[in-house]
Amino acid sequence: MKRSRWTARAVFLAAALGAGAGGASAQTLERVQALTREADLVFRGTVQRVGAANLKAVAPGEDTAVVRIEELLRGPVDAQDFVGREVTVKLRAPGSTRRGEQAVFFADSWLWGESLGLVEVGRVRPGRGVRPQVAAAGRRMREDEVRKSLASSDLVVTGRVVETRPADLPARYSEHNPQWAEAVIEVDSVLKGAAPGRRVVLLYPRSVDILWVQAPKPQVGWDGVWLLKRGESGEMRARGTVYTVLDPRNILSRDDAGLVRRLAQP
Amino acid sequence: MRDKIFCAALALSLAAAARAQVTVINMIPNAKSNETGQDSEPNLTVNPANPQQMVGSAFTFATGINPPNAPIFVSTDGGTTWTLNNIVPSPGGITGDITVRFGGTSNMLYAGILRRGQPTLTMDILRTPTFSGATPMSVLVTRTDPNGIGVDQPWIQATTALGGTGTGLDRVFVGDNDLDEPNGKTATVDSSQDAASAAHPFGFSRVEKRTTVGQDGPPVRPIYHWDGTVYAAFFRWTNFVPDAVDPNNKGVATSDVVVVRDDAWGAGANPFQALKDSDNIAGKKVVVGTTIQIDNTNNVNFGRERRGGSLSIAVDPRNSSRVYLAWGDDASGTTTLHVRRSDNRGATWSAADLITIVKATNPALAVNTHGKVGFLYQQITGAGATEKWETHFRRSTDLGVSWNDLTLAQPLTSSPAPKGLPYIGDYLHLLAQGKDFYGVFSASNKPDSANFPQGVNYQRNVDWTNKVLRNLANTGNVSVSIDPFFFKSQELATGLDFYVRDWTDSAASGDTGLEPSTHPAFYATSDVWNRRGTLTGAPFPNDQPANEPAGNGPGKVGDNWAFARIRRNATSAAAQTVTAHFLVSKFGTGSNYVDASSADPDVTFFGPDPTVTFAANALGPIITPAYKWHLNAVTGDHLCLAVEISTPSDPFVAPSLRGFAPGWPATDLKVLLDNNKAQRNLGLSKTPARGIGLNADYYGIAHNAATMPRDMELHYSVSPEVYSRIHDGVIEVVGQEVLPLSTEGTIVLPNVQPGENRWIRVSLPPVFGSPGEILPVEFQEMVQDQAVDGFAIGIQAASTTDVSTATLESHRSVYTRLAYGFGVSDAQGEADAADALLTSTAATGEQYAAFLDQHLPAMNNIMSQLGGVLAGDPFASQAALGSLSQLKASGADADTLAVAHTSFLNRLDSLLTHRQLAQGDRADILQMVRWMQDLYLRVPALAEREEAAAVVDASRAWVDQWNERLVDYADYPGLLQGLDASLQQTAQGLGSTLPGLGSALGNLEAAVAAGNLTAIEKAHRDLLLQLQTLGAGGGTT
């Protein structure tokens, strides 16, 4: 399965850790960027024990090692707390490391228990060039994500919410009923697709049920770039062409308009 | 470690005993100490194949930015510690509703979820064989209608079929509310009869059969019993009035509470229609037209939680007819939980509530193997600033008449502030695994010991002194939030837990009373054994009590004494008396046990069950006083012995082994899962320790204890060390091919009919060895890779005198059988001669050889008198005697002769048993009744008949009563007499299809009139064999 990427809210430590590239070959560059795309976490670490684990749920074996995280180059905020701590790494190749080895590990998050369990997707020798490569890969991933969202959007506009109101869609009762509401966006510009007019109406779930609690709940005055999709459910289609935005990553700040415009170019 | 802080219970010592049994754990791992999510609506499963393995779920976010998988909580140490494993595919790292279950014995984990990020409610059914691995769960099924609304609230149940058709296959049921059903009959059960397979076929059944207001209520709850009974409960909404002010969130539903049932895993063409109401429509309306307040808001008047769907159902694992139901309604004006019980498969229910809880939600019921009912729920108490969410765990040992009460948590309702819905969840979960209860609930994680009256253990960082949560680095505080809490209630204090070992490897290594038992061979070195005298046989080499083959015959020759060695799991200040109850069965696998109540003319048990008393703080082991039993002359001496121990507080798990064979119909609940039961299936034969002589032949019986024809699979194994010494051995399924012995192998007995016996021969060479040394070949009866029963055949190295003595004992046994059971008058002289030699002196090799020289002519003469008994002898007894005669003539020594003599006697003994069993076997009476019930339930040509219900109901009731010791063997003719009219109806209706049916029924009626239980069993079986031909293997238990 293709893994998600750390994007806007990820800790882009790499960018701050060094701009000086130096010495990395093109092959290494490609490898670092490829591994960064594959991994949830990138960190510089030192192997403490091989054939060991510090999580009960992991049976120690040839393919496990305990590694101390020396420096987090990329990863979620919570992972920052593990800098200076030992974690369990399931090695990509059994027996491929030794005690004391220092390396930049590219890993997927696996287990969160009394410690952290990671699955290694790759490893490179540390060097000054790695940090900027990881940072550059992160920037590209962010662009890729926007590009992907853009591609799957039916209408992309910049604009501002001027009104919200109940949508009154018929529905059977469920505790997960989205309780659709309408937000009216006054459109400044159209970056993709054809807007039906100066104003676009989008449906959004007012429900704070677990299925919808993270979906954006636009309020009057919200301003930005809106990556909208046509409503797909039967109840929405019954109303003709309606748009939705269910993923908070599909509402971007106006600062991203340039990026979106550039990426929207054929 | 300062990061892991244990909150000791501060309550009074008076409650200490009760608290000591309950452990409460905050499930959030230490690595997630920064966590502040609303981890509500938890669920839990315990792996029946390894109760140390558990999986939990809640609305818990995976760490990261938009991770593709949501986490499950994983424990591999019995719930003491938990780890989050992100393997549930769902965008954003969290699911909607999620429930989780392990298969019964498959180690497979299943989940039913609502996948996030979809425009409609999208239900996925997931599976993984490695719940703690890194590989995401596989999506088996996705159910939604992109043009509709979707499928809501999947509630999963899973088990492994342990008997009958599809034995070993994982049965999975998912109750859900399919809002896309166009006619408003939305209560649905998705199910698979083989969910662990690559194909994992799934289908769904609309369990709602009546009209509704347009939909049913959200919860649909299935529950299974091992015998294939599946119940489901749901709310049938007959009216819905939206709230005038907030119609999107509130309303009042008028609802029936409905229970449906299926008797065959929901696998038939018209599933879940076995239980009908007075309108002749499937689904018993337990309650009609009650009122349910729907409130989909964080209502401060209800503890910031929403309301509208409280439902739970549980079935007694000892009796599928007994089922409990809990639901919530607002008929009284206050949200109230009700619990009721049915003892007749849902047909009628207790008129009044067994228990009523006001201002409460989230009911969960479970029943343990002792029939104890557990009831978990959450209740609002107090008001204003002191209003609390209390989580209660109640138990009842008297079918719900009275309940004790433990409060597991009682935080204030005012903290934390809600972050959406649900606040603590629309459900929680309680389950029973063996005797113990396991549960999960969500509550405020504020670390205040007053909130947890039973104590609690946090994994995340906590400062108990200041009652605050701490971050991972322990550098700052973390906000209070909702967390899931696991709890275990150990129902039997270890000081009250007595057990009999299933195995002992050495003085330093043996069964410690774990349930299930952990040794693959639970029948070879167990702490139940037979002796031919009143002494225990101690001291025991390797701490393994030495079993002696049973004697059979008149007087003292057939006297035997049974022993059991009993231990206590932990010290206790109280003295305790333990009762031991012994049973026997024929040697091999699958043979049903009989006991003192069986009134078997061939086996006599003397006096009351023996008892032993453990003094205060005594752990044992204590060996029971010698318990005398007698094996009559007509019976073979190759037997299995079992014991069931009990105390008032620690009874063995019903049903008894009486009438059953371990492994059927449920995989060893009877022995492996109950440390109060043990059995010994070890056939030993002495062989010269000098390593000379011919191969000796030994036999065991494979009995099909199921209620369907099946291929019986036996896996055998020999340790490499033993194999190096007996590698010239062979194995034969009598009547099939002869195979060379290997270190392990599998032999298949094709198409064995219910109640049919087949014989396994093991031929082993003589070995050099120390006297007393045992070299076993172990057999396990396998069902889909699961060992359900087993036995061992072994040779024991012995001196020439011991071998000679053992041979003479066998000689006495077999010829006694011939004299008493087959009317061969000359045989008594042979038995008497052997007995005279055995009682006068130890039989030296010379004396034995002289005996044989003198008696071979008589032995040959007796064979000639056997006539029809020898016709078609599959054991080739005559040829074995011929070989013995030739050896004697050639001047072979005593050791060689004894081995050949033993082989002959074992062959002849097996033949006699074969001939006797052909006349019927009262040990199989219960199996026949279960088979009859099964045939009328499963085989369409029978199940569709008018009289089927009468046969099934009467049979089921009789089996239930048998298990509760309310009926006995003597009541068997009465059952059949009562069903005679129904059976005649069948014979008349199917006479053209089965021309022999009338005659078979006539034979049964004649046997019943004569009153001979053995003959009745045979006639009954003959009748059932004919009915069996109507359907190909339609059984389940």
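**View 1. Helix 5 of chain B passes helix 7 of chain B in a left-handed crossing.** A crossing is called left-handed if the near helix is turned anticlockwise from the far one by less than a right angle, and right-handed if clockwise. Helices here are DSSP runs of H or I with at least four residues, strands are runs of E with at least two, and both are numbered from the N terminus. This is a predicted model, in which local features need pLDDT of at least 70 and side-chain atom pairs count only at pLDDT 80 or more, while totals for chains, interfaces and linings use all residues. Residues are numbered from 1 along each chain as its sequence is written, chains are lettered from A and ligands numbered from 1 in the order in which they are written, and side-chain values use heavy atoms, with hydrogens and water left out.

Helix 5 covers residues 845–865 of chain B and helix 7 of chain B covers residues 894–917; they pack at an angle of about 35 degrees, with axes 10 Å apart. The axes are lines fitted to C-alpha atoms, for helices over the stretch in contact, and angles run from 0 to 180 degrees between N-to-C directions.

**View 2. The residues where helix 5 and helix 7 of chain B meet.** From helix 5 of chain B come B:G845, B:Y848, B:L852, B:M859 and B:M863. Facing them in helix 7 of chain B are B:A894, B:L897, B:A898, B:H901, B:F904 and B:L908. Contact means heavy atoms within 4.5 Å. What is the make-up of this contact in nonpolar, polar and charged residues? Nine are nonpolar, two are polar and none is charged. In this count Ala, Val, Leu, Ile, Met, Phe, Trp, Tyr, Cys and Pro are nonpolar, Asp, Glu, Lys and Arg are charged, and the others, Gly among them, are polar.

**View 3. Helix 7 of chain B, end to end.** This helix of 24 residues reaches 34 Å from its first C-alpha to its last, close to the expected 34 Å. The expected span is 1.5 Å times one less than the number of residues. Helix 7 of chain B is largely enclosed by the rest of the structure, because 22 of its 24 residues are buried. Buried means under 20% relative accessible area, exposed over 50%, and partly exposed in between (1.4 Å probe, protein chains only).

**View 4. An open sheet of three strands in chain B.** The order is 31-32-33, and the pairing is antiparallel. Strand 31 (462–463) and strand 33 (477–478) of chain B each have a single partner strand, so one side of each has no neighbour in the sheet. Two strands pair if DSSP finds at least two bridges between them. Strand 31 of chain B is joined by two bridges to strand 32 (residues 468–470) of chain B, and B:V462 stands opposite B:L469 of strand 32.

**View 5. Strand 50 of chain B and its pairing with strand 53 and strand 55.** Strand 50 (residues 710–717) of chain B runs antiparallel to strand 53 (residues 744–752) of chain B, with seven bridges joining them. B:H715 has B:T746 as its bridge partner in strand 53. Five bridges link strand 50 of chain B to strand 55 (residues 774–783) of chain B, again antiparallel, and here B:Y716 is partnered by B:F779.

Strand 53 of chain B also holds B:N751. B:N751 has a positive phi of about 50 degrees, although it is not a glycine. Is B:N751 buried or partly exposed? B:N751 counts as partly exposed, at 45% relative accessibility.

**View 6. An open sheet of four strands in chain B, in the order 43-40-46-47.** The pairing is antiparallel. Strand 43 (611–614) and strand 47 (677–680) of chain B are the edge strands, each pairing on one side only. Neighbouring strands are turned by 25 degrees against each other on average, direction ignored. Four bridges hold strand 40 (residues 576–586) of chain B beside strand 43 of chain B, and B:V578 stands opposite B:V612.
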